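Please open the model in your viewer and keep the selection tool at hand. The stops below are meant to be visited in order.

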Amino acid sequence: MNTLVQSDEQLFEGLITGILTEGYALADGFLSVPEVKNILEASSRSYEEGGFNIAGIGKNQYYQFNRNIRGDHIQWLDPFHPPEACLPFFDRLHNMARYFNQNLYMGIRDMELHFAVYPEGTFYKRHLDVFQHTTARKLSVICYLNFDWVAEDGGQLRLYFPQDDGTERHVDILPLAGRLVCFNSQSLEHEVLPARRRRYSITGWLKDERPLSAPPLPGL
Ligand code: OGA
Ligand code: NI
């Protein structure tokens, strides 16, 4: 198990403050440039080799595909045997989950992660990251893998915030390489605006339930 270095603690404190005060948090440089390059290479290779599936909506018998709602392709990652390139990211997420459990009593016991690719022209309409039949997902965590992404490339993550006066405000986030975004899975509505070039990310959910059959994740 990794020991927490001071800068990790500052990073995680910053994320907690963002989540508690703004409802979301953003950390640039969560992954270093070489780390992003490695993950991007692993993800794009697997994508080109056909390792991805069209992403659906809903779960189990409610699962369906609808390109008018969601056009990304995904590959689920085994949390116990992630691609080697993803190990630093998984490690940091585990540290983050432990820190959140200790300092925010979040009760994270499990996580699920996938690579995502949005081919040019695709999007994900406004939604919540919850399924109808489970509330296990507590925190949505997305790390972006796109170098030299500019506003004209589209693909912004748009977060919606209801205001006290009944109106609504939104925040747009560019999917920049190394940038991490996290927010409450149960309450924060969001969408991915149409991407005008291929958009890569690694997406995860920290969950407060673990299947009885699953072995525990390190420290969780
Ligand atoms: C999702 C999602 C946002 C993003 O996969 O549920 O909302 O910015 N992703 O990729
Ligand atoms: Ni989502």
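A residue is called buried under 20% relative accessible area, exposed over 50%, and partly exposed in between, with a 1.4 Å probe and protein chains only. This is a predicted model, in which local features need pLDDT of at least 70 and side-chain atom pairs count only at pLDDT 80 or more, while totals for chains, interfaces and linings use all residues. Residues are numbered from 1 along each chain as its sequence is written, chains are lettered from A and ligands numbered from 1 in the order in which they are written, and side-chain values use heavy atoms, with hydrogens and water left out.

Select Asn66 to begin, in the loop between strand 2 and strand 3 (strands are DSSP runs of E of at least two residues, numbered from the N terminus). Asn66 counts as partly exposed at 26% relative accessibility, and its C-alpha atom is separated by 7.0 Å from that of Gly56, 10 residues apart along the chain.

Phe65 lies in this loop too, between strand 2 (53-54) and strand 3 (73-77), and is exposed, with a relative accessible area of 54%.

Next, select Asp72 and Arg70, whose side chains meet in a salt bridge with an N to O distance of 2.6 Å; the term stands for a side-chain nitrogen of Lys or Arg within 4 Å of a carboxyl oxygen of Asp or Glu. Both Asp72 and Arg70 are buried.

Move on to Glu189 and Arg126, which also meet in a salt bridge (2.6 Å, N to O). Glu189 lies in the loop between strand 9 (180-184) and strand 10 (190-192) and Arg126 in strand 5 (residues 124-127), so this pair ties together parts that are 63 residues apart in sequence. Glu189 is partly exposed at 31% relative accessible area, and Arg126 is partly exposed at 36%.

Asp208 and Lys138 form another salt bridge, their closest N and O atoms being 3.2 Å apart. Here Asp208 lies in the segment after strand 11 (199-207) and Lys138 in strand 6 (residues 137-144), so the pair ties together parts that are 70 residues apart in sequence.

For the last stop, select the cysteines Cys86 and Cys143. Where a disulfide is a pair of cysteine sulfur atoms within 2.5 Å, the count comes to 0 disulfides, and the sulfur of Cys86 is 10 Å from the closest cysteine sulfur, in Cys143, too far for a bond. Cys86 is buried, with a relative accessible area of 0%, and Cys143 is buried, with a relative accessible area of 0%.

Key: Helices (H or I, at least four residues) and strands (E, at least two) are DSSP runs, numbered from the N terminus.
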